[in-house]
Amino acid sequence: MDRLIVSVLFTYESSSSLDLSAAVSSSAATSITSCSPFLASVCDGNSYLNGICFQYNSTLQPVSNFTTGIQECTKRDVNLVFLFDGSSSMKSEDFELNKKFIISIMTKLSNSSIKFAAVQFSKTFKTVFDFNDYQKGVAEKKLMNEPHMNSLTNTHGAISFTLNLLLNNVSSGANPNATKALVIITDGDPSDNDDYGVIKKCDAQNVLRYIIGVGEVSLTNLYLLASKPNVSNTFRIDHYSGLQGLLDNLQNKIYNIEGSQEAHGRDRQNELSQSGFSVVYHTDMSYIFRLAGVTRELADDWFLCFRTLWLWVRWDLMTGVEFCYSSVIGRRGGVSLLFSGAPRAEHTGQVTLFIQTGNKWIVNRSIAGDQIGSYFGASLGLLDVDSDGESDFLLVGAPLYHRCGPRTEGRLYVYSLSQSFEKMLNVCESNAGRFAASVASLKDINGDGLSDVAVGAPLEDDGTGVVYIYLGDKTYGINTETSPQRISGRSVLPGLQQFGVSVVGQMDMNGDNLTDVLIGAHGGIVLLKARPVMSVSLQLSFSPKEISIRNFDCEGAAGEMFQAFNVTSCFSVSEQTNSIGSLNKNLNIALNINLDVLREMNRGFFRLHNSTSRSQQMSVPLLLKSFCSDFSVFMPKCVYDTVSPLKIRMNFSQTENILALLDIHSRTEEFVEVPFEKNCKSNSSCVADLTLDFSFINETLLVVNQAHLTVQITLKNAADDSYNTSIVMHYPEGLSFSKLDNVKSSRTSIRCGDRDIGAMNRTTCSISLPVYRSGATTVFLGMFRVSKLDYDWPNMIDMIITANSDNNGNTTDATVKRSLAVLYAVDLAISLVGEESVTFVPFSLEDREPKPLTITYKVENVGVKGLPVSVTLNMTCETAHVKIRPLSFGIRNGTQCTTLEGGHCGRFECEEFHLQTSEAVYFNLTAEVALHNMTEFQWKYSFHEFSKDFVFNITAHLDYDKSRYNQTISSLKTTMRVEFVIPPNRWLIGCIGGVGGLILLIFILVLLLKCGFFKRNRPDESEVYGNSTPEDYPLMDVTTKGNDAKKTSDGEMKTSDGEMKGSDGEMKGSDGEMKGSDGEMKGSDGEMRGSDGGESVNDRNGVIENGVKEQSLTSEGPNTGEP
């Protein structure tokens, strides 16, 4: 917000840059002097700038103008001759390099006022080209066509030849008033003597002589040829090829001849001087100082600054200084002080202090800049910070000071005059605007009783210009803690250029007791007027004095609100600047009030049922009196934090208003804290006594994906209510918190994780917010899971759990640390490679030679953790009938395992190796299997195949650090089967078969013989039945006519003849015997017997061995119907 306002803009068109310097008189009749150094004048065809000044009255009307003097005009030329060696000691190629070097110098200095000529010398001398040839443009051609003389080195004669025929000969084109110079190039000592005193003649005629020696030449002899200072005017190189390296150095020396004070400085004293670069008032008389370039008078040692009268100043310390570029006059300790700036002095710039003695100003001391080319001293100002008439600080501008990071252009230096010119501050603002091109002290513009400072940056904002207004400071001169006011030229007047080229601010043009500031611009001056500055104070209050906690209840109170308290804000307004007159001093401000600032979760609102109304804005007009307003504050019934007070912040700022300004020192922000009610045993503060303990439910932590760890936590509060209670759990980053449940005191509320955003090893759980009551005890179960298998788990993990409270103190240390062992769950697989392994070995009586046994095991890590592993193999070496001789066991194409002794002939132990994730290692076992003690089976004959199985086991076991790793299965048992087979005995089977067949045949023959098979043929049926009668075959009469057999009462069949058939189906007699017609009977054993009881065998013909003839029975026979 600007504190100055544009009042008047005045332009004077005849000057292209009117106000490079300005001054205001301190007399009652205020007058302004504004000067410009850019009044053009012409000297010998060249344009030069001098100065012009304008004077204005208090109404900014021009009164007069004047020039401070046009300086004399002079001009000077330089005649330079190249005298180059053409002796025989020089090679042809060196001679050509010599000529090219001369051409290079002439080309570089072709735009200067220097005219050139050239002479080749050896035993004789020859003008190669003269000054006329150079002006005609044929010098270079003549030089390149010049042949090589190839003779002696008569240097002194050549110098005499040059003086007579060139430098002092008008017909050669030489200017008699020009500065004379010689450049001598030689590779040998002079072969002649200075018999005619030619060196003295050169000194008498002020002929400048530069000597270049090439090769093994005596420097002592060269020094005799050079002009003073001999050493700096003599150059030596090893070879002519080094001439180009001397080009720049020699060029600078020749070029300096043109502006050398020693050569012709006395004839050019004020030709380039410009008056009007600075102007100051001293005892109501203005002094207009002119630019550097003014040199001392011939008659005395006094330096000149002037207006209508001439003021003489001692020259003692000012040689070569561009004096009076800037100037300022002050007073301290009753002594008048004049500070004069010379921004190009010694390349870094310089400020010189003069003390007035009578009508003379004597040099007292100087201050040098600290950066080359910074233009230190281009602007000056004196600051009387407390307006007591004593100058307190010197302000020095360096508008071309450059800094790369951060980029800035221009710097303002502040020096304390009370502490022996101690540098107090370095101030930079602009990045590319020539900051501090102008600087001036201002009368107090904000009413704090301290003088202020204006600094111009006329090229900022693309050349429109900016002026910065700094407030004063008693200690440092400028208050850098407060941002300066920035006034842009384009905001003052569109099209304005170089606004801020000069600044003056020690006047009140209209008598309203407010400071006016005069600012120069391109072609005009601008008058800015200050405005009244108003001081505003703010007070905040609230009622009631505490927020009652009786209205807070988180159980079932979601979304409910109530009015908690009221806030009152009051403003007081007063003027700071004490202006006079009928000025409008109304002030408009924008008011902003915020509740519960700096908290993410807000606890207070300005509107009921509106959780977004945590701030309120309004516009308030302030007059010269007090103004108060009230605000109601609502709060939700569920608030977790009832310990920390609710903070209210109110801030305000001035809205757009051009009538009055808000004092920058006014406190525009106010805070107030509204506390919560506390029910404590001590009225001063609540002291909780939180005790905490916890234990692990798990015996160990098994590191496997998503494995769980359970912790039981007990929390007690034995003292006052605990506010904003929390449990903080610290655990390894490989664990992830899942949940926290309460298993006792179910009404205790828990909320976890909202305070630990981004934390990987910490979880904070809020307990029973807002208050954990006195005497409460809660048991929690905390659940964690393993989330990072690649975490570098230690052997033991530590968990730290702390109970915290926002109360002022806690009587017990509620921090507990517990440790738990860690086991990695690994997944090692050992398997048999079937296609490469032999687990069955067959033997037989014919094949009982030892056989090889090969088994391949695959050990693989299918888990997510690599670990060291070793393998142990156990196998049986011998059984009752089988011997196994192990040959080797080890890693395939790798290390072989060691066979252990001590009765374990088949035990191998392998060295430990690291098995990475998804890595597999193969182990090969080779052995030899043989049979023994097989005698009992050698003579065992059998009709069928006989086999005997011998089984033995081979066990491969994985070993690892069981204190660090956990594996469910770590061994593989392989069953090996050896089979011994005895085939059937073919001889035994053949013999027994033959014998058995023979016996069977004999048996059959005997049976046939017994049956009478071999005694007679079988009879016909007609012979058997033809002439038979039933009487002859009584046993065959088994049927009756008409089928008249009858059963008796006892169930027996009775025929007509009274014979009975028994119930068993046999024909029986009365005695139960089977009888025939001859009275023969069949016994109860079913055999046919004779009367003598002899046994009878029936054959096919029915013959009885005992001589009793019996007919065979058939089913066929004559159907006579008779028995």
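I started with helix α1, residues 92–108: its 17 residues reach 25 Å from first C-alpha to last, close to the 24 Å expected at 1.5 Å a residue. The expected span is 1.5 Å times one less than the number of residues. My helices are DSSP runs of H or I with at least four residues, my strands are E runs of at least two, and both are numbered from the N terminus.

Ground rules: this is a predicted model, where local features need pLDDT of at least 70 and side-chain atom pairs count only at pLDDT 80 or more, while totals for chains, interfaces and linings use all residues. Residues are numbered from 1 along each chain as its sequence is written, and side-chain values use heavy atoms, with hydrogens and water left out.

Next I looked up burial in α1 (buried means under 20% relative accessible area, with a 1.4 Å probe and protein chains only). The buried residues are Asp94, Phe95, Asn98, Lys99, Phe101, Ile102, Ile103, Ile105 and Met106.

**The sheet**

I traced an open sheet of four strands, ordered β20-β21-β22-β23, with antiparallel pairing. Its edge strands, β20 and β23, each pair on one side only. The twist averages 25° from one strand to the next, using axes as lines fitted to C-alpha atoms and angles from 0 to 180 degrees between N-to-C directions. Pairing takes at least two DSSP bridges between two strands. I found eight bridges between β21 (393–403) and β22 (408–416); His402 has Glu409 in β22 as its bridge partner.

**Loops**

I checked phi in two loops. Tyr375, between β19 (360–368) and β20 (379–383), has a positive phi near 65° without being a glycine. Ala436, also not a glycine, has a phi of about 75°. I placed Ala436 between β23 (422–427) and β24 (438–442), and it counts as buried because its relative accessible area is 0%.

Then the cis peptide bonds. One runs from Lys228 to Pro229, with omega near -5°, and Pro229 sits in the loop between α6 (219–225) and β11 (234–237). Another joins Ser543 and Pro544, omega about -5°; Pro544 is in the loop between β33 (533–543) and β34 (561–575).

**His932**

I finished in the loop between β63 (920–931) and α10 (935–938), where His932 lies. His932 counts as buried because its relative accessibility is 15%. Leaving aside neighbours within four places in sequence, I list Glu878, Thr879, Ala880, His881, Val882 and Lys883 as its contacts, meaning heavy atoms within 4.5 Å. A polar atom of the His932 side chain lies 3.0 Å from the backbone oxygen of Thr879.

Key
Buried means under 20% relative accessible area, exposed over 50%, partly exposed in between (1.4 Å probe, protein chains only). A polar contact is a pair of N or O atoms within 3.5 Å; within protein, one must be able to donate a hydrogen and the other to accept it, and residues adjacent in sequence count only if both atoms are side-chain atoms.
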